[in-house]
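Here are a few friendly notes to read alongside the structure. Take them one at a time, and find each part in the viewer as you go.

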Amino acid sequence: MPEAWARRAHMDAAGYDAAVARVEADPEGFWRDVAGRLDWIKAPSQIKDVSFDKADFHIRWYADGVLNVSANCLDRHLPHRADDVAIIWEGDDPADSRKITYREAHEEVCRMANVLKSQGVRKGDRVTIYMPMIPEAAYAMLACSRIGAVHSVIFGGFSPDSIAGRIKDCDSRFVITADEGLRGGKIVPLKMNVDLALTSCPGVEKVLVIRRTGAHWLEHGGRDVAYEPLRDAASTDCPPEPMGAEDPLFILYTSGSTGKPKGVLHTTGGYLTWASWTHELVFDYRAGEIFWCTADVGWVTGHSYIVYGPLANGATTLIFEGVPNYPTTSRFWEVIDKHQVEIFYTAPTALRALMREGEGPVQKTSRKSLRLLGSVGEPINPEAWLWYHRVVGEGRCPIVDTWWQTETGACLVSPLPGATALKPGSASKPLPGVKLQLVDAEGVVLEGAVSGNLCLTDSWPGQMRTVYGDHQRFFDTYFSTYPGKYFTGDGCRRDEDGYYWITGRVDDVINVSGHRLGTAEIESALVGHHVVAEAAVVGFPHDIKGQGIYAFVTLNVGVAATEELRGQLVRWVRQEIGPFAAPDVIQFAPGLPKTRSGKIMRRILRKVAENDLTNLGDTTTLADPSVVDDLVKNRAGA
Ligand code: WTA
């Protein structure tokens with residue numbers, strides 16, 4: 001750990017130990033102090049009120065506190081940093097960038113909040129946001145929080161069908177979108193996708209369309225509204241709505257093992273406390289620093305570390321519209337130089353793709369402004385970690401490998417730059433107050449250096465509160481596997497120094513280029529095609545993406561298994577879910593390995609996909625063991 005970091009850190013090694021001890025000795029006092037970083041209209045007197053037990057299951061934090069998220073992210077900075085830059089926007093085209101001060105951001109959010117009100121949006125209403133990476137995406141989120149509406153942001157790569165499912169699930173009557181998006185020089189037809197989605201969502205009353213490219217869009221009379229004229233006429237004054245700490249802030253859909261994506265619900269006080277505290281602690285954020293998280297606001301990383309964490313802390317946050325390899329593979333590093341970025345937070349998949357290009361594109365740039373690097377979304381392999389450290393950070397910058405989930409709101413496990421000695425590939429230690437446990441398949445608690453399933457035995461303020469509209473599913477998904485604990489779905493190893501090494505999902509969730517997907521969703525898209533009788537999808541190790549998608553498909557009788565059909569099915573999944581869900585490999589299989597009760601044995605399919613054919617395990621319980629021979633014989637090259 002570089003000396004300089006230990007000296008400047010918000011929390012050094014002794015501070016970490018002291019915080020861990022204090023949260024044990026005085027949890028109420030500890031968590032009260034953490035929440036004290038926010039501006040409360042009414043400070044909470046109730047701090048933590050949680051039970052993970054079935055009989056009395058509930059999670060509440062700061063329940064009688066009252067606050068407003070947008071006021072915490074904007075208004076409270078105005079007295080002393082109104083002219084500081086809140087948002088640096090870097091467009092897809094390198095010639096396109098702008099800076100927005102806190103004063104301007106505040107005005108824009110107030111205007112948008114007033115426009116939303118004028119269109120009928122009220123406290124508690126769900127508002128769907130399907131936007132490119134432009135400042136208005138952040139304004140839209142903050143405008144919702146200002147008036148107490150609950151936003152549901154949908155990643156701009158999702159298809160019309162996926163949008164429709166999410167709109168219907170939360171009965172959203174309002175959509176905010178843009179005419180088009182622009183990524184890597186390519187147009188994303190956002191408004192058109194919304195139009196297609198809405199053919200099956202009669203409940204949507206208003207679609208607010210923001211101008212990005214200026215392209216003409218088809219106006220659906222009475223429903224579609226151009227934003228700019230309303231914005232120009234709207235007042236820059238919009239008093240923030242006082243919200244209870246446990247009032248919903250947002251819903252974010254994420255994939256699980258089974259069924260359709262779940263609406264993960266986060267609430268106001270605990271979520272913002274956690275996003276803000278971890279942003280300061282993990283990235284050791286100091287006033288005036290420029291912070292760049294490369295995620296999309298459509299994922300939780302963008303929510304917590306582009307918008308809410310940084311802005312709650314009065315930081316300068318960079319919003320990047322483009323992609324790492326456009327116009328060239330030096331783009332990330334050029335943006336760092338152009339805006340003098342100090343803290344850079346990205347995903348291993350991007351690093352692995354850039355590594356392939358060699359050191360040249362990095363070395364063309366200076367990167368002298370960088371002081372800290374971060375990684376998120378999937379396990380970072382030591383090779384990528386070392387490249388990030390040596391080439392990108394020139395050995396100067398600590399790397400924080402942050403483990404967390406949509407469900408956890410913000411980081412739970414991460415090195416702290418001034419406190420934790422780094423090990424390449426390890427997310428290291430839990431943040432103070434985060435209680436990890438490893439258990440075996442039966443739930444037996446494992447001690448010492450060991451591998452197991454990662455659980456949390458206690459709550460933290462940023463924990464999700466429910467699955468929107470299905471509280472039972474929330475309990476069943478996370479708290480029923482190991483009673484009394486939150487089960488993360490991740491496997492993990494703890495080493496002899498007590499460091500945690502996340503090994504990846506142990507359920508049927510796969511992580512493709514940092515995008516979280518349920519195999520069941522891809523299967524359901526595949527069987528939705530008229531030639532497909534049955535499909536089973538598994539992940540396999542992929543050099544760049546982390547995991548690739550391997551689909552086994554049984555066709556209807558009489559349908560020929562052609563190359564052309566393979567291509568058609570890949571396109572079909574792209575269209576049904578989104579381009580990032582397209583299978584890397586499709587293997588046509590006359591039969592899938594099933595037990596006599598009809599359950600698909602995925603263990604065998606995973607081995608075939610991984611090309612680990614000598615180790616298929618016991619196949620005698622299969623209804624028809626001969627299907628395995630065919631699977632092996634016709635294994636598609638991956
Ligand atoms: C994985 C993204 C290893 C993990 C913030 C988790 C990681 C899932 C890391 C959540 C990390 C995230 N090391 N694995 N540093 N960070 N993961 O909900 O499998 O999109 O369960 O949240 O990503 O993905 P999600």
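This is a predicted model: local features need pLDDT of at least 70, side-chain atom pairs count only at pLDDT 80 or more; totals for chains, interfaces and linings use all residues.

**Notes on the sheet, the ligand and one annotated span**

1. Start with the open sheet, where eight strands with mixed pairing follow the order β12-β11-β8-β6-β7-β14-β15-β24.

2. Strand β15, residues 262-267, pairs with β24 in the antiparallel sense, over two bridges. Here L265 has T466 of β24 standing opposite. As background, the strands of a sheet pair through backbone hydrogen bonds, in either a parallel or an antiparallel way.

3. Next, the ligand. How many residues surround the ligand? There are 17, and the closest are D401, T402, T406, D490 and R516. By kind, the shell divides into six nonpolar, six polar and five charged residues. At least two shell residues come from each of α12 (300-312), β20 (399-402) and β26 (500-505).

4. Some individual distances are worth checking. A ligand nitrogen lies 2.7 Å from a polar backbone atom of T402, and a ligand nitrogen is 3.3 Å from a polar backbone atom of E378. On the side-chain side, an N or O atom of N511 is 3.3 Å from a ligand oxygen. Of the 530 Å² of accessible area that the ligand has on its own, the protein covers 96%.

5. Finally, an unreviewed UniProt entry lists residues 521-599 as "domain: AMP-binding enzyme C-terminal". In the model, this span is 27% helix and 32% strand, and its end C-alpha atoms are 17 Å apart.

How values were computed. Residues are numbered from 1 along each chain as its sequence is written. Side-chain values use heavy atoms; hydrogens and water are left out. A residue is near a molecule or strand if one of its heavy atoms lies within 4 Å of it. A polar contact is a pair of N or O atoms within 3.5 Å; within protein, one must be able to donate a hydrogen and the other to accept it, and residues adjacent in sequence count only if both atoms are side-chain atoms. Accessible areas come from the Shrake-Rupley method with a 1.4 Å probe; for residues, only the protein chains shown count as cover. Helices (H or I, at least four residues) and strands (E, at least two) are DSSP runs, numbered from the N terminus. Ala, Val, Leu, Ile, Met, Phe, Trp, Tyr, Cys and Pro count as nonpolar, Asp, Glu, Lys and Arg as charged, and the others, Gly among them, as polar. UniProt positions are given in the numbering used here, feature names are shortened, and annotations may be inferred rather than shown by experiment. Two strands pair if DSSP finds at least two bridges between them.
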